[in-house]
Amino acid sequence: MAYWLFKSEPNVWSWEDQVAKGAEGEEWDGVRNYQARNNMRQMKVGDLGFFYHSQTTREIVGIVEVCAEAHPDSTTEDARWECVDIRAVEPVPNPVSLDMCKADPRLSEMVLVNNSRLSVQPVTPAEWDIVRELGGL
DNA sequence: GCCAACGTTGGC
DNA sequence: GCCAACGTTGGC
């Protein structure tokens, strides 16, 4: 079981959009970055992830679960790009902002803090627990 | 809206 | 295979 973080601009695909998809889930398509794709290739069904809103509120707002492993991205003909499907599991009661992550010394190695441009990131089990706790879960 | 950081592309 | 130019992302 591994942990991840998915970043999305809420005006393009928000947590509310993800929740509306329900248990069926939705393709995490549109990723055109090799590092992010390689992360998705490593995902297994049942892996959990944080859902992060970039650009606007900059906070972790929900928990998602991988419900389909990497497959071709339906939004391109280019066979290089693959994506997984994810479904919403539960909201984070107290969204965890980027500032909160930066302020917590235990999260100083978090990819979100150090490489803000990577859109699909790994999260360590220790970071997972800390962020859940900060979020009130 | 600006700009720094980063990734990708393409000429050589 | 290097590197300059360019495009994109995302925090501020």
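UniProt, in an unreviewed entry, lists residues 2–133 as "domain: EVE"; its positions follow the numbering used here, feature names are shortened, and annotations may be inferred rather than shown by experiment. This is a predicted model, where local features need pLDDT of at least 70, side-chain atom pairs count only at pLDDT 80 or more, and totals for chains, interfaces and linings use all residues. Residues are numbered from 1 along each chain as its sequence is written, while chains are lettered from A and ligands numbered from 1 in the order in which they are written.

**Domain span**
- Residues 2–133 are 26% helix and 36% strand, and their end C-alpha atoms sit 18 Å apart (helices, H or I of at least four residues, and strands, E of at least two, are DSSP runs numbered from the N terminus).

**Nonpolar core**
- The largest nonpolar core has 33 residues, with F6, M40, F50, F51 and I60 touching the most other members (a core joins buried Ala, Val, Leu, Ile, Met, Phe, Trp, Tyr and Cys through C-beta atoms within 7 Å; buried means 20 or more other C-beta atoms within 10 Å of a residue's own, with C-beta atoms placed from the backbone).
- Elements supplying at least two residues each include β1 (3–8), α2 (34–41) and α5 (125–134), and β5 gives the most, with 6.
- Leaving out residues up to four places away in sequence, F50 touches L5, I60, I63, V123 and V131 (contact: C-beta atoms, placed from the backbone, within 7 Å).

Key: A residue is buried if 20 or more other C-beta atoms lie within 10 Å of its own, exposed if 12 or fewer, and partly exposed in between; C-beta atoms are placed from the backbone. Two residues are in contact if their C-beta atoms, placed from the backbone, lie within 7 Å.
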